[in-house]
Amino acid sequence: MRIRGAVLEEIGRARPYAQSTPISVGELELAPPGPGELLVRIEAAGLCHSDLSVVDGNRVRPVPMLLGHEAAGIVEALGPGVEGVSVGDRVVMAFLPRCGECANCRTDGQLPCTPGSVANNAGELLGGGRRLSRDGSAVHHHLGVSGFATHTVVDARSVTRVDADVPPEIAAVLGCAVLTGGGAVLNAGLPKDGDDVIVVGLGGVGMAAVLTALSLQADGAVGRVIGVDAQPAKLDAVRALGADAAYTPAELAEAGVRAPVVIEAAGHPKAFESAVAATAVGGRTVTVGLPNPAARSEISPLVLTAEARTIIGSYLGSAVPQRDIPRYVEMWRAGRLPVEKLISGVITLEQINEGMDSLADGAAVRQVIRF
Ligand SMILES: [Zn+2]
Ligand SMILES: [Zn+2]
C-alpha cells in the first residue's frame with residue numbers, strides 16, 4: 001500500500017534543519033505484514049532525542065531510514081500466526097523488540113534482546129528484511145517502529161496492547177519516554193525507604209523519570225526529587241511538575257547535593273560525570289542516556305571502591321514492555337503518573353525538520369505528531 005512518511009535522506013546535514021531538510025516527507029510503498037507482523041495505522045508519534053541522534057550522526061544508522069521510534073496506533077491487519085492482538089486494538093510500540101527466546105530476553109529486561117538489537121542495527125524488522133521501499137529501493141526501519149508515517153508494519157513482539165481509554169498521544173509517549181525514564185527508576189534505580197532521587201538531563205526521558213519518582217513519594221519509597229539541567233527553562237518546567245528542587249549542574253556541584261539514586265538521562269559525558277559526582281555513599285548511578293560512541297568521561301575509580309557505589313547501564317529502562325506498560329497505564333489512570341504533562345507541543349508530519357531544530361535547541365520536552 002502507499003503511505004506517507006518522513007525519511008531521513010542523509011546524516012549530518014548542517015543546522016538549521018528547517019533549511020537543510022535532512023528529512024523529506026513523501027510517499028513510500030509498504031509491503032503487507034509477514035508472519036508474526038502487524039499493519040498499524042499510526043495515530044501519534046513522539047520526537048525523541050534518539051531520533052535527533054540519527055539526524056545529527058551521533059548514532060550512525062543506515063539511510064534512507066523512515067524515522068520515529070515512539071508511536072501508537074490502531075491495528076489494521078494481522079500477518080499469519082499473530083496472537084494476542086486483534087484488528088482494531090490500540091497498540092504502543094517499543095523501540096527494542098523482544099524475541100522472548102534468547103539468553104538476554106530471559107533476564108527480564110536487564111539485558112537487551114540479541115536478535116532485536118541485530119535487527120535494529122541493520123534497520124530491519126525482527127523477522128528479517130524491510131517492508132518499506134521507494135521507487136523500488138529499500139528504505140530502512142528505525143528501531144523496528146518507523147512511526148513518523150501514516151502506517152507502519154511492525155513485528156508483534158514490538159507492541160503492547162492498551163485499552164481504548166488511553167489517548168493516542170499518551171500511548172505513544174509510554175513507548176519510549178516513560179518506558180525508559182520510568183524504568184530507570186522502577187527497574188534500575190530502585191529507590192526505597194525515602195531515598196532522594198536526582199535526575200540529570202530533563203528531556204522527555206528525564207522528565208518521565210521525575211514523574212515516576214514523584215509517584216513513589218506517596219508511599220514513602222522516595223524522599224526528595226531533584227531535577228538537573230543546563231537550561232534554566234527546564235528547571236522551571238521540572239519545578240512545575242512538582243520536583244522539590246532544581247539546579248544547573250554547576251549549582252548542584254556547588255551546593256554539594258548528593259542522593260542514593262541518581263539518573264543520567266542527558267546522553268552527554270559531562271552529564272554522566274555530574275551524575276556520578278552527585279551519587280551518595282552506597283548509591284546507584286543509573287545511566288539511560290545515549291552519548292556519541294566516541295564520548296569519554298573522567299571519573300574516579302577510587303570513589304566507587306571507597307564509597308561502595310554502583311554504576312548501572314540501563315537500555316530502554318531495563319523494561320519488559322508487555323509487563324511494564326500496563327503498570328504505567330494503571331498509574332496514569334489512578335492520577336499518579338500525569339504523562340500528559342510531558343507533552344510540550346503537537347506538530348504535523350510536515351513540521352518534522354523544525355521539530356528536530358526545537359529538540360536540538362533543548363527547547364522541547366516532548367513534541368508529538370498527530371495523524
Ligand atoms: Zn526515544
Ligand atoms: Zn531476545
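The paragraphs below cover the metal site, the pocket, the cavities and the cores.

This is a predicted model: local features need pLDDT of at least 70, side-chain atom pairs count only at pLDDT 80 or more, and totals for chains, interfaces and linings use all residues. Residues are numbered from 1 along each chain as its sequence is written, chains are lettered from A and ligands numbered from 1 in the order in which they are written, and side-chain values use heavy atoms, with hydrogens and water left out.

Start at the zinc ion (ligand 1). Its protein donors are Cys48 (SG), His69 (NE2) and Cys176 (SG), at 2.0 to 2.2 Å. Donors here are N, O and S atoms within 2.8 Å of the metal (3.2 Å for Na, K and Ca); water is not among the atoms, so sites may look incomplete. Along the chain the donors are spaced C-x20-H-x106-C. The two cysteines link distant parts of the chain: Cys48 sits in the loop between β3 (37–47) and α2, Cys176 in helix α4, 128 residues apart. Helices (H or I, at least four residues) and strands (E, at least two) are DSSP runs, numbered from the N terminus. Both Cys48 and Cys176 are buried, where buried means under 20% relative accessible area, exposed over 50% and partly exposed in between (1.4 Å probe, protein chains only).

Next, the open space. The largest pocket holds about 910 Å³. Its lining counts 46 residues, with His49, Gly201, Ala265, Ala266 and Gly267 nearest the centre. Elements giving two or more residues to this lining are α2 (49–55), α4 (168–189), α5 (204–215), α8 (269–277) and α11 (352–361). The largest share, 4 residues, comes from α8. By class, the lining has 23 nonpolar, 17 polar and 6 charged residues. Ala, Val, Leu, Ile, Met, Phe, Trp, Tyr, Cys and Pro count as nonpolar, Asp, Glu, Lys and Arg as charged, and the others, Gly among them, as polar.

On a 1 Å grid over the protein atoms alone, a cavity is a set of points where a 1.4 Å probe fits but cannot get out; a pocket is an open set with protein on both sides within 12 Å along at least five of seven lines; lining residues have an atom within 4 Å of a point. Grid points are joined across faces, edges and corners, and a volume is the space filled by probe spheres set on the points. The whole structure has 2 cavities of 30 Å³ or more. The largest cavity has about 70 Å³. Ser53, His69 and Tyr315 are among its lining residues. Ser53 belongs to helix α2 and is buried, at 6% relative accessible area. The second largest cavity has about 50 Å³. Tyr315 is one of its lining residues too, along with others including Cys113 and Pro321.

Finally, the packing. A nonpolar core is a set of buried Ala, Val, Leu, Ile, Met, Phe, Trp, Tyr and Cys residues joined through side-chain atoms within 4.5 Å. The largest has 61 residues; Leu174, Val178 and Tyr328 are among those with the most contacts inside it. Helix α4 gives the most to this core, with 13 residues. A second, separate core of 42 residues includes Val7, Leu30, Val54 and Ile369.
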